[in-house]
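Biologist: I would like to learn how to read a protein model, one feature at a time. Could you take me through this one slowly?

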Amino acid sequence: MSSDEQDTGDDRARDGARSPGRRDPEQERRAAERARRIRERRAAERRAAGAPAADGHDEPDEPGAAGDRAADTDEVAGPAGRGSGRGAAAAVRERTAARAAERSRSRDPRYRRRRLVAVLATAAVVLLGVSAAGWWALGRYGPPVATVRVDGTRQIPVRDVEAATGDQTGVPLAAVDTDGVAARVSAIPGVAAVEVDRSWPDTLVVVVTERTPAALLDTPDGPKLVDVTGFVYRDAPPDVRLPRLQLPRVAPDDPATLAAVGVLQALPVPVRDQVQTLSLGGGGSTFELELTEGRRVLWGPWSDTDRTAARARVLGPVLQREGAVYDVSSPSLVTVRQR
């Protein structure tokens, strides 16, 4: 029997002895105190079991009947009440263990890294969505193109580039197909590379990199320019002065073409200005350069590109000597002869 039940039985006996009808103030105080303790105990058991009170609070018992109902309840509950208390305690232990496991997992560096990655991924997705929405709005309602600016042209007429960009005036700047514009401008002969950018609020900028001519090639349609990559790209202007390539085939994928262009680029400008033709020597494995005043240079094997720079360095000083044939195939042993 619990202490509250014992007190209740003793009080009943004293109450019966003192007065069968009314309770004195001390009895009323003690009855109220017992009722309060019983309510607190019931509330604690409900909280431990996870079952909230039906209306959020216990109804106060009448002072005269509180002790009797508490005693009756405990007598009826008996062992079942004690079993319910043990179940509530087990539930409390399980929740405490779960919270401890959660705290332990949150302190694990791997768990923190996974959470950080998840947060960053979510933020990235949100930012991408906002950016896409903003760019869509600019493409529909943004400022239109008012000016097309062309930079980097020297030989190519600006009007040809402007014509290739198409009529972009009035198109929202964000909606311009920059890849399409770049592809059309790249098709212009003499264009090596193109960059198309937007200059806010209303200017489309086209930056052109022109091809650098390295030689001339005689074709049935007239002389053509050959750039430093061996690409034949446009008609040569009438007043241009460049060495002529006399090779069986001139193309960017031809090894002899690339070697010939490399030789011309390695020569000092004063020497290159004296070169009239570059052709294959006997057997097709060597190069020969024809210079002004009927002079010739025996370059040596064209496939030996490792010696290109050394041969170009010695050729300049050697040309100061009197002679008609200059053999630089071996840079360390240069020979000069009259014929």
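The dialogue below moves from confidence to strands, a helix and charged pairs.

Modeller: This is a predicted model, in which local features need a pLDDT of at least 70 and side-chain atom pairs count only at pLDDT 80 or more, while totals for chains, interfaces and linings use all residues. Residues are numbered from 1 along each chain as its sequence is written, and side-chain values use heavy atoms, with hydrogens and water left out.

Biologist: What is the mean pLDDT of the protein chain?

Modeller: The term pLDDT stands for the predictor's confidence in each residue, on a scale from 0 to 100. For the protein chain the mean is 82, and 76% of the residues reach 70 or more. Over residues 53-81, however, the pLDDT is below 50, and this stretch has 32 contacts (heavy atoms within 4.5 Å) beyond near neighbours in sequence. Where pLDDT is low, the predicted coordinates should not be read in detail.

Biologist: How many helices and strands does the protein chain have?

Modeller: Helices (H or I, at least four residues) and strands (E, at least two) are DSSP runs, numbered from the N terminus. By that rule the protein chain has nine helices and twelve strands.

Biologist: Which strands does S8 join, and do they run parallel or antiparallel?

Modeller: Two strands pair if DSSP finds at least two bridges between them. Strand S8 (residues 275-280) is joined by three bridges to strand S7 (residues 244-246), and these two run parallel, with arginine 244 having threonine 277 in S8 as its bridge partner. Five bridges also join S8 to strand S9 (residues 286-291), and here the strands run antiparallel, with leucine 278 standing opposite leucine 289 in S9. The hairpin of S8 and S9 has five residues between the strands, and in this hairpin glycine 283 takes a positive phi near 85°.

Biologist: How far apart are the end C-alpha atoms of helix H7?

Modeller: The expected span of a helix is 1.5 Å times one less than its number of residues. Helix H7 (residues 255-266) has twelve residues and should therefore span 16 Å, which agrees with the 16 Å between its end C-alpha atoms.

Biologist: Which residues of H7 are buried?

Modeller: A residue is called buried under 20% relative accessible area, exposed over 50%, and partly exposed in between (1.4 Å probe, protein chains only). In H7 the buried residues include Ala256, Ala259, Val263 and Leu264, and across the protein chain buried residues make up 30% of the 339 residues. Alanine 259 lies 8.9 Å from aspartate 304, C-alpha to C-alpha, although 45 residues separate them in sequence. Aspartate 304 is found in the loop between strand S10 (296-301) and helix H9 (308-318), and its relative accessible area of 24% makes it partly exposed.
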